[in-house]
Amino acid sequence: MSLITNTYSRRSFFKSASACLALPYLETFASTGSKATKGPIKRMLFLSQGYGFLPSFYPKESGKFSKIGLTEGLSPLKRHKDDITLLGNLLNVGAAQPHAGSLTFLTGAPQSSNLNNTISCDQIAAEHLCKNNRYAHLTLSTKEKGGHGNCLSLAWNKQGSPIPGLNTSLELYRKLFSADESPEHVKRRIQTRRSVLDSLKVNAKSISHQIARTDHEKLDEYYQTIRQLELGLERQLKWANTPKPKSPFGHHPDQIDGEAEVKLMFDMIALAFQTDQTRVATYMMPSQSVLSSMGITTLVHALSHYNVSKERKQQAGLRDKKCTELFGYLLDRLKGTKDPDGRSVYDTCIVSYGTNIKSAHGIKGFPLFLSGGGIKNLRLGESIKLPKNTPLANVWLTLLQETGIDIDTFSHSTERLNQLFS
């Protein structure tokens, strides 16, 4: 085992013949003479799902959630009600099809049969925020394309070409913790309950004489989180090889429990930020597998036609709550993951979570959640109804500016949204 210290980036790594494991910031190996970034760290996370929400999901009035309350669909976010903002009346000017909004969710390019896409806002952010990070960006996706359109991820490069995303938590695990191992080797190791920590011979005792006492707790927590991730992956690999009962909807045999998969992705996003492997991430989230993990056999597209029956509307309401429950889980993870100065990773993040549909097939007035402490003076804890058909690109322009990027326009933006701030 060897320990590498990078004084410029203030990051440390454990290295073996087969893997290089990024560690959280350790005071022991910090350089007092240099810093990777001048000023506070800024991180951006963009999340997108399809199919929208029931009309009853949305607050009937604008205002502080502490005064107007939370709808049933928003109720899982009660513990975070003072840390979320729900924007309404947005329009993605380039979007033309209800179930293909993720094609241009972060670009705003006009959709047509011959789509000529443009650079997505996450890539503009990555160019400025990730100059000294291991990965220029973290692009996550899903094998499910329903509700997203025929796209590989939310990310598009300068040439308007799609950037392929990692489709499974196992792929993301390998990228972050065992990039030098083959996929087959990673699967075998996980299935035999061997950890990347074991292969690296990393444990608190082996380096206890090298690190300061204040770093022990941080490392123990980090190691435990990795082992929990591996236990989750072990369960997924086990069930992926177990035949499932026939069902009336399409479900790939290698797809795992949707809810567990999303949570593992969120866990690893938080760790990627904590270890400073990247500062920009996108995640095009699954829908059908999440619905399946809830025991609902209705196709998610059919479920979006909620007026067909009372039962379908009830199921749609349960899905709404599951979506916000998972979003709440992400915020828990970001808040519970500590940065070098003792603050949470959440305090440096700008998080957006949206869907390209409002309800049913309506693409006008769709919602967008904002959260995170990386936006100074953001009006958190509110439902904000923007002017009708406010361009989504105005939001992206405003968020990019809030990271310190010198940019005056983005896509079809018309103005900065100063009403987002107190």
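Glu 382 is buried, at 10% relative accessibility. Buried means under 20% relative accessible area, exposed means over 50%, and partly exposed lies in between (1.4 Å probe, protein chains only). The model is predicted, so local features need a pLDDT of at least 70, side-chain atom pairs count only at 80 or more, and totals for chains, interfaces and linings use all residues. Residues are numbered from 1 along each chain as its sequence is written, and side-chain values use heavy atoms, without hydrogens or water.

**Salt bridges**

Glu 382 has a charged partner. Its side chain meets that of Arg 379 in a salt bridge, at 2.9 Å from N to O. A salt bridge is a side-chain nitrogen of Lys or Arg within 4 Å of a carboxyl oxygen of Asp or Glu. Arg 379 is partly exposed, at 25% relative accessibility. Elsewhere, salt bridges with shared partners join Glu 259, Lys 263, Lys 322 and Glu 325 into one network.

How many salt bridges does the structure hold? The count is 15. One of them pairs the side chains of Glu 72 and Lys 321, at 2.9 Å from N to O. Glu 72 sits in the loop between helix 1 (65-68) and strand 6 (84-91), while Lys 321 sits in helix 10 (residues 310-336), so the pair ties together parts that are 249 residues apart in sequence. Helices (H or I, at least four residues) and strands (E, at least two) are DSSP runs, numbered from the N terminus.

Another salt bridge joins the side chains of Glu 259 and Lys 322, at 3.1 Å from N to O. This pair also links distant parts of the chain: Glu 259 is in helix 7 (residues 258-274), Lys 322 is in helix 10, and 63 residues separate them.

How open are these charged residues? The table lists them.

| Residue | Relative accessible area | Class |
|---|---|---|
| Glu 72 | 52% | exposed |
| Lys 321 | 26% | partly exposed |
| Glu 259 | 15% | buried |
| Lys 322 | 13% | buried |

**Helix 7 and helix 10**

Helix 7 and helix 10 pack at an angle of about 25 degrees, with their axes 9 Å apart. That makes helix 7 roughly parallel to helix 10. Axes are lines fitted to C-alpha atoms, for helices over the stretch in contact, and angles run from 0 to 180 degrees between N-to-C directions. Under 35 degrees counts as roughly parallel, over 145 as roughly antiparallel, 65 to 115 as roughly perpendicular, and the rest as oblique.

Which residues meet across this packing? On helix 7 they are Glu 259, Val 262, Lys 263, Phe 266, Asp 267, Ala 270 and Phe 273. On helix 10 they are Lys 322, Glu 325, Leu 326, Tyr 329, Leu 330, Arg 333 and Leu 334. Contact means heavy atoms within 4.5 Å.

**Phe 273**

Phe 273 belongs to helix 7. Is Phe 273 buried or exposed? Its relative accessibility is 0%, so Phe 273 counts as buried. Leaving aside neighbours within four places in sequence, Phe 273 is in contact with Arg 43, Met 44, Leu 45, Thr 278, Arg 279, Val 280, Ala 281, Leu 334, Val 345 and Cys 349. Take Leu 45 from that list. Phe 273 and Leu 45 are 228 residues apart in sequence, and their C-alpha atoms are 9.9 Å apart in space.

**Helix 3 and helix 4**

Helix 3 (residues 169-177) and helix 4 (residues 183-191) pack at about 100 degrees, with their axes 11 Å apart. The two are therefore roughly perpendicular to each other. In helix 3, Leu 170, Tyr 173 and Arg 174 take part; they meet Pro 183, Val 186, Lys 187, Arg 189 and Ile 190 in helix 4.

**Positive phi**

Most residues other than glycine have a negative phi. Asp 276 is not a glycine, yet its phi is positive, at about 60 degrees. Asp 276 lies in the loop between helix 7 and strand 8 (280-284). Asp 276 counts as buried, at 8% relative accessibility.

Ser 411 also has a positive phi, near 50 degrees. Ser 411 is in the segment after helix 11 (392-402). At 37% relative accessibility, Ser 411 is partly exposed.

**Cysteines**

How many disulfides does the structure hold? There are zero. A disulfide is a pair of cysteine sulfur atoms within 2.5 Å. Cys 121 is buried, at 0% relative accessible area. Cys 130 is buried as well, at 5%.
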